[in-house]
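Hello,

Here is the structure you will be working with. Please open it first, and then read the notes below beside it.

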Amino acid sequence: MFTTVLVANRGEIACRVMRTLRTLGITSVAVYSDADADARHVREADHAVRIGPPPAASSYLDIDAVIAAALASNAQAIHPGYGFLSENPDFARACEAAGIVFIGPPVSAITAMGDKIRAREHVAARGVPITPGFGAAGSTDDELIAAAAELGFPLIIKPSGGGGGKGMSVVTSADLLPEALRGARRVAASAFADDTLLLEKFISNPRHIEVQVLADQHGSVAHLAERECSLQRRHQKVIEEAPSALLDEQTRERIGVAACEVARSVDYVGAGTVEFLVSADRPDELFFMEMNTRLQVEHPVTELVTGVDLVEQQVRMAAGERLALPELTLTGHAVEARLYAEDPARGFLPETGTVLRVRDPEGAGVRVDSALHDGLVVGADYDPLLAKVIAHGDSREQAIDRLDAALADMVVLGVQTNAAFLRAILAVDAVRAGDIDTGLIERAVVAPEPSSFTARAIAAALEHARAAAGATVWRQPTGWRMGEHRAARYDVDGASVAVASAEDGVEVTIDGRTETMRVVDDAGDVTVHREGALTRSLVARTNDTTWVHVDGTTHRLRRRTRAELLAAHRAGLDRAQSTIDPHVRAVMPGTVVAVAAATGDSVVEGDPLVTIEAMKMEHAALASIAGTVTISVSVGDQVRQDQVVARIDPHEGDRHD
């Protein structure tokens, strides 16, 4: 067994791997970029080595830097986690050349399965069914367009060398294909350094079923049953579970045997996942999609229903031990939700900022894999995944209930997350019934309202208390004036909230609704007394924002400054209601990866102008009105949130005075 292992990753997966290394008595070594110098995985490691500046290409993807860190720390092995270098054959070769064990499969297996086109051809030769499709190294857009005409629509585009849903898109008609191919190539080249694309026939009502396999160096291969990953948004997994509610025992055994055959076909060693597409209409028909030659994000659900520590198995197999698993028994059900730094109310744009306060949920069957801590700076350099919340129960219903309760208790103040959206998914009747497919989220789930009466009332009451505590007698917010007494008013999340002193607390009025409450703040632990009941809340505050977690939901409540209020008032006086801001702004910080128009071009409303990439996602800034455009950025530029990237001067006949 190894004595020292370097973890070539960051965030929650690095912390999770180190947890098992501690259990095995193995010294852990972290690597970090300058952006992660104070990260949780650095704190939890036994040793840590700096490997470069924040951009991943100059740190976590720098093979030479990672190998040098391993050699300097006398690590006998490297665990790559997932993402970054985990499926990079050049990295596996570099480990071998340096005399370091790569905790993963051999280079030949990574190479065979790392290219979706080659993988399809490989498994088809072994009798494993594949979806109809087309793709070849060097295929041009014209060749793909011609093949699409024969395959028919809808089709799905996939980067051949990619994973994690990045660059994937469904195309429903021939006229949409050229632009979709250009976008997919751009993402593929950026994320995987390979713009080769694959077209596949899109299966109706598809369900995403994957099988966990383990293989040792002595020829033994076993599977740990399946996970269902059908709850996706834009082809990226959001909620996963084990086992699948779709499969019966006969199909479970058949898909497990097929997955093991795929692993044997490449002399696989280690932990891997074979992914299949199954039509909900014909669950007995399954099609191979790809094999991920690494640990999966969703591996905890398999661990909870089988009792097998997959990281421990990876380490033991890499050390040459024989596979020694108990007889496969699935106990209960497990469900996992991915907590992202993103704002569902703004089209799921990635969020950046500083985490002000964190509280992990607790309770029976609840597990949290997380890299969160107070003071964590969430930047735009890496994936926005913050944590995974997992729940295990005796039944699927109990597991879902426990996960929902855990998400309600999960507190992250300072950075917007998708926690409320995850709870909205779990509340959908079809999800509860197990009647799911990969398109359900986008059909049936709506981003919840971001603010509530209670949250805004708490924010206003605290603002009122702080104003009273810090003011002179002449500036106390009493509401006194000559004539009729009037409550003090505060701007909270764009709403005017009236707060007046009452006999036992304050009287808060929002949009005609009035409640009397007493708000007690104990360093951010807030208790609200009203109508004989108590409400607990956690609160954090920045210069212009109050974060409130109450009733199982976190609310970001921004306060507009006097200057902003005055500007908004003047804009209302000076502008006709139909006037639209001619400035096109970046909705997130990131890098300009494409410019679709040139200064002087005539554009119409909705035309794409500038494409910005951040946290491995792309967002197109669109023309807000018709007119002549002036572009103010170039490809490669770094832009701030709300930075003007283009201006549109309306055509003479379209001006509003």
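An open sheet of eight strands is the place to start, with its strands in the order β14-β13-β10-β11-β12-β15-β22-β20 and antiparallel pairing. The model is predicted, so local features need pLDDT of at least 70 and side-chain atom pairs count only at pLDDT 80 or more, while totals for chains, interfaces and linings use all residues. Residues are numbered from 1 along each chain as its sequence is written, and side-chain values use heavy atoms, with hydrogens and water left out.

Some terms are needed here. Strands (E, at least two residues) and helices (H or I, at least four) are DSSP runs, numbered from the N terminus. Two strands pair if DSSP finds at least two bridges between them. Strands of a sheet pair through backbone hydrogen bonds, either parallel or antiparallel.

**The edges and the helices on the sheet**

β14 (282–292) and β20 (366–370) are at the edges; each has a single partner strand, so one side of each has no neighbour in the sheet. On average, neighbouring strands of this sheet are turned by 30° against each other, direction ignored. Axes are lines fitted to C-alpha atoms (for helices, over the stretch in contact), and angles run from 0 to 180 degrees between N-to-C directions. β14 is joined to strand β13 (residues 270–279) by seven bridges, and the two run antiparallel. In this pair, Ser 279 has Arg 282 of β14 as its bridge partner.

Helix α11 (residues 310–318) packs on the sheet and touches β10 (206–215), β11 (221–233) and β13, its direction making about 40° with that of β10. Contact here means heavy atoms within 4.5 Å. Helix α13 (residues 419–426) also packs on the sheet; α13 touches β11, β12 (236–242) and β15 (333–340), and its direction makes about 50° with that of β12.

**Strand β15**

How many residues of β15 are buried? Eight of the eight are, so β15 is largely enclosed by the rest of the structure. Buried means under 20% relative accessible area, exposed means over 50%, and partly exposed lies in between (1.4 Å probe, protein chains only). Both faces of β15 are covered: one side has His 333, Val 335, Ala 337 and Leu 339, the other has Ala 334, Glu 336, Arg 338 and Tyr 340, and all are buried.

Four bridges join β15 to β12, antiparallel, and Glu 240 stands opposite Glu 336 of β15. Eight bridges join β15 to strand β22 (residues 385–393), also antiparallel. There, Tyr 340 has Leu 385 of β22 as its bridge partner.

Helix α5 (residues 107–114) packs against helix α6 (residues 116–124) at an angle of about 100°, with axes 5 Å apart. That makes α5 roughly perpendicular to α6; angles of 65 to 115 degrees count as such, under 35 as roughly parallel, over 145 as roughly antiparallel and the rest as oblique. Thr 111, Ala 112, Met 113 and Gly 114 of α5 meet Lys 116, Arg 118, Ala 119, His 122 and Val 123 of α6.

**Strand β33 and the cysteines**

Strand β33 (residues 590–595) pairs antiparallel with strand β38 (residues 638–639) over two bridges, and with strand β35 (residues 608–614) over four. Thr 591 has Gln 638 of β38 as its bridge partner and stands opposite Glu 613 in β35.

A disulfide is a pair of cysteine sulfur atoms within 2.5 Å, and the count comes to zero disulfides. Cys 15 is buried, at 4% relative accessibility, and Cys 95 is buried too, at 0%.

Regards
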